[in-house]
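Here is a short briefing on one structure. Look at the sequence and the model first, then read on.

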Amino acid sequence: MANTKWTRTALLVIDMQNDFILDDGLMRVDGGKAVIPNVIKAVEIARQRGILVVWVVREHDPQGRDVELFRQHLYSTGKVGPTSKGSQGAELVDGLVIKEGDYKLVKTHFSAFFATHLNSFLRTAGIDSLVIVGVQTPNCIRQTVFDAVALDYQSVAVIIDATAASTPEVHVANIFDMKNVGVATPTLQEWSSTDS
């Protein structure tokens, strides 16, 4: 039987898509490839514990009509922009698979909460705690985390070796900032050995 704490917890897997992770990805995050094994392990542990797995992905209109202004130049006529809906770049990286019982949320901005139904979905599911993995730390991870804190989730954790940024220095600086607003920052080993 699953620990009651875990049934109130969701694992958000953010932007683990080809365009962000692969060497030829259109928006490659340099540290992304290195965390794939830990993200896979975090998903496995979450499923074993009965934690809801939420796959947060970017999918954009191929013409870029729903992207932030500063990215619209990446969607010029005749050019497939990053994470365009239906493109190979928008797919999850190999090793990560959405399974029955998981949930997929599509976003078009940094935060998984901005202009989405994520908060109402999680609240309806009885979720009050979040664990976050993926890329990239200063953008989508950080914005999602700060919104979760503002929305009064009881517990927010970022697994520090299952998240990444373009450089280790940028990653560490953003983890420091999140920790300063009460966010837990365990390693995968620390989180996986926690049973309550």
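How many cavities of 30 Å³ or more does the structure hold? It holds 1. This is a predicted model: local features need pLDDT of at least 70, side-chain atom pairs count only at pLDDT 80 or more, and totals for chains, interfaces and linings use all residues. Residues are numbered from 1 along each chain as its sequence is written, and side-chain values use heavy atoms, with hydrogens and water left out.

**The cavity**

- On a 1 Å grid over the protein atoms alone, a cavity is a set of points where a 1.4 Å probe fits but cannot get out.

**Strand 4**

- Strands are DSSP runs (E, at least two residues), and helices are too (H or I, at least four), numbered from the N terminus.
- In strand 4 (residues 129–135), 7 of 7 residues are buried, meaning under 20% relative accessible area with a 1.4 Å probe, protein chains only.
- Ser129, Val131, Val133 and Val135 point one way; Leu130, Ile132 and Gly134 point the other.
- In a regular strand, side chains alternate between the two faces of the sheet.

**Neighbours of strand 4**

- Strands pair if DSSP finds at least two bridges between them.
- Strand 1 (residues 9–14) pairs with strand 4 in the parallel sense over 6 bridges; Leu12 has Ile132 as its bridge partner.
- Strand 5 (residues 155–164) also pairs with strand 4 in the parallel sense, over 6 bridges; Val156 stands opposite Leu130.

Key: 1 Å grid on protein atoms, 1.4 Å probe; cavity = no way out; pocket = protein on both sides within 12 Å on 5 of 7 lines; lining within 4 Å. Points joined across faces, edges and corners; volume = space filled by probe spheres on them. Buried < 20%, exposed > 50% of the residue type's maximum accessible area, 1.4 Å probe, protein only.
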